[in-house]
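Student: I would like to learn how to read a structure feature by feature, moving from helices to contacts between side chains. Could we work through one together?

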Amino acid sequence: MANENKNRDLKTRLVHAGERQAPPEAQPVATPIYASATFTYDSMDEMDQVFAGEKQGYVYTRYGNPTIGALEEAMRDLEEGATACAYSTGMAAVHAALLACDLRAGSVVLASQDLYGATTSLLHNVFTAFGVKTTTVDFSDLAAVREKAREIHPQVLVVETISNPLLKVCDIEAVVAIARENSARLIVDNTFATPYLRQPLKHGVDLVVHSATKYLGGHADTMGGVVVSRDEFDREALFSVMKLVGGVLGVWDAHQILRGLKTLAVRMDRQCENARALANRLNEHERITRVHFPGVGALVAIELRDNTKEGAFRFMDALQLCVRSTSLGDVFTSVLHPATASHRDLTPSRRQELGIVDGLVRISVGIESIDDIVADVEQALIK
Ligand code: PLP
């Protein structure tokens with residue numbers, strides 16, 4: 001190509017110079033960022049074979065890309081699934097998992113009442129419009145889940161490994177049993193636990209969903225989502241959602257998330273240890289009436305004695321180290337007020353029913369020195 005290019009006009013050479021070199025013989029130790037929207041082949045026959053699925057390869061990044069593929073393979077491996085597909089955000093992944101369960105007009109979904117607010121809204125606002133009916137129940141009350149499932153015959157059950165913001169831990173094996181009794185598929189959002197703490201597919205869950213924006217990325221600088229399935233059969237549906245709906249993960253984000261995965265264990269160990277220490281420290285605090293810490297994970301939720309929005313805001317505004325931010329799972333400690341953020345769209349009475357009181361503050365504990373985190377929270381509590 002280089003020699004041929006020499007005889008061409010500079011205007012042409014500018015476009016093609018240096019491009020499409022043979023891949024280096026040496027294997028890069030880290031996955032390169034394949035920032036290419038399309039891929040070419042020496043012959044049309046070859047490209048035709050790739051399009052036909054007769055030959056492995058890439059043709060267009062919305063259909064697949066080596067950097068995104070590396071992340072998908074990493075997540076398939078870590079969750080011990082059969083296939084994985086990455087999407088632009090966690091919500092795109094939740095949407096894809098629901099579509100992969102073949103929901104259609106008349107289908108019934110039984111969802112945890114404690115799901116992330118946008119997931120609940122997706123089911124109620126978007127899927128309802130297409131004739132899918134969603135009923136919610138408290139998944140920590142297994143008898144209630146079993147009874148409701150028998151009554152409504154759901155096609156799909158949806159729950160989170162650790163719920164938001166009250167941090168209820170799901171008894172995955174029991175919920176798998178209920179799903180099986182009803183021949184329903186089970187989707188578990190494993191964002192709060194990550195495959196480092198829980199691998200739901202190993203217990204019989206059908207599809208695991210992640211917001212990779214959280215612990216997997218871990219640095220608040222990227223967004224992404226992943227679905228991992230226990231069954232190779234789901235591959236076609238998951239990839240077809242990616243191709244046709246188009247919520248494709250960017251290659252730069254895929255690279256950031258792949259990089260994040262490498263330190264997940266180290267971050268999680270420190271974050272979980274810090275969360276336990278913070279929860280223990282706050283348990284007896286006179287300005288706190290209740291500490292929610294399930295003994296697993298790196299989130300702690302506290303209920304302030306001044307159980308008002310103003311009290312929660314005063315505490316949060318007084319923090320000097322912990323960051324007020326609408327996310328979790330980052331290397332820094334962050335705080336969120338569920339009543340005005342993740343659960344803002346619920347009516348006050350529904351929030352009350354769910355236990356999301358005005359004085360509730362969720363803390364995503366970071367990797368900083370625990371002494372500094374505790375000092376910051378304690379000084380803010382007495383303001
Ligand atoms: N699932 C859970 C449990 C979440 O907390 C979130 C976001 O906060 C999502 C899904 C959605 O992820 P994203 O913001 O990447 O779309």
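Student: Which residues of α11 are buried?

Tutor: Before the list, please keep in mind that this is a predicted model. The general idea is that in soluble globular proteins nonpolar side chains tend to be buried together. In helix α11, the buried residues are Val251, Ala254, His255, Ile257, Leu258, Gly260 and Leu261. The elements that cover these buried residues include α4 (66-79) and α12 (264-282).

Student: How many residues does helix α11 have, and what distance does it reach from its first C-alpha to its last?

Tutor: Helix α11 runs over residues 251-262 and has 12 residues, and its first and last C-alpha atoms are 17 Å apart, which is close to the 16 Å expected at 1.5 Å a residue.

Student: Let us turn to α7, then. Which of its residues are buried, and on which side of the helix do they lie?

Tutor: The general idea is that an α-helix has 3.6 residues a turn, so residues three or four places apart point the same way. In α7, the buried residues are Val145, Ala149 and Ile152. Because they cover an arc of only 85° around the axis, they are on the same side of α7. The other side of α7 carries the exposed residues Ala143, Glu147, Arg150 and Glu151.

Student: What covers the buried residues of α7, and which residue follows the helix?

Tutor: The cover includes β2 (108-112), β3 and α8. After α7 comes histidine 153, which has a positive phi, near 50°.

Student: How should I read a salt bridge, and how many does the structure hold?

Tutor: The general idea is that side chains of opposite charge can pair when their charged atoms come close. The structure holds 14 salt bridges. One of them joins the side chains of arginine 146 and glutamate 181, at 3.1 Å from N to O. This pair links distant parts of the chain, with arginine 146 in helix α7 and glutamate 181 in helix α8, 35 residues apart. Arginine 146 counts as partly exposed, at 27% relative accessibility, and glutamate 181 also counts as partly exposed, at 46%.

Student: With which residue does lysine 168 form a salt bridge, and why does the pair tie together parts that are 30 residues apart in sequence?

Tutor: The partner of lysine 168 is aspartate 138, and their closest N and O atoms are 3.5 Å apart. Lysine 168 itself is partly exposed, with a relative accessible area of 23%. The salt bridges also form a network here, in which Asp114, Asp138 and Lys168 are linked.

Student: What is the distance, N to O, in the salt bridge of aspartate 102 and arginine 104?

Tutor: Their side chains meet at 2.7 Å, N to O. Aspartate 102 counts as partly exposed, at 42% relative accessibility.

Student: How many aromatic pairs does the structure hold, and how are the rings of phenylalanine 51 and tyrosine 63 arranged?

Tutor: There are 3 aromatic pairs in the structure. For phenylalanine 51 and tyrosine 63, the ring centres are 6.5 Å apart and the planes are at 70°, so the pair is edge-to-face. The pair links distant parts of the chain, since phenylalanine 51 is in helix α3 (residues 44-51) and tyrosine 63 is in the loop between α3 and α4, 12 residues apart. Tyrosine 60 and tyrosine 63 form an edge-to-face pair as well, with 5.5 Å centre to centre and 80° between the planes.

Student: Finally, which residues have the most contacts inside the largest nonpolar core?

Tutor: The largest nonpolar core has 108 residues, and those with the most contacts inside it are Tyr87, Ile302 and Phe315. Leaving aside residues up to four places away in sequence, the residues that tyrosine 87 touches include Ala92, Gly224, Val227, Leu238, Met242 and Leu249.

Note on methods:
Residues are numbered from 1 along each chain as its sequence is written. Side-chain values use heavy atoms; hydrogens and water are left out. A salt bridge is a side-chain nitrogen of Lys or Arg within 4 Å of a carboxyl oxygen of Asp or Glu. Buried means under 20% relative accessible area, exposed over 50%, partly exposed in between (1.4 Å probe, protein chains only). Helices (H or I, at least four residues) and strands (E, at least two) are DSSP runs, numbered from the N terminus. The expected span of a helix is 1.5 Å times one less than its number of residues. Contact means heavy atoms within 4.5 Å. The arc is that of the directions from the helix axis to the C-beta atoms. A nonpolar core is a set of buried Ala, Val, Leu, Ile, Met, Phe, Trp, Tyr and Cys residues joined through side-chain atoms within 4.5 Å. Rings of Phe, Tyr and Trp (its six-membered ring) pair if their centres lie within 6.5 Å; planes under 30 degrees apart count as stacked, over 60 as edge-to-face and the rest as tilted.
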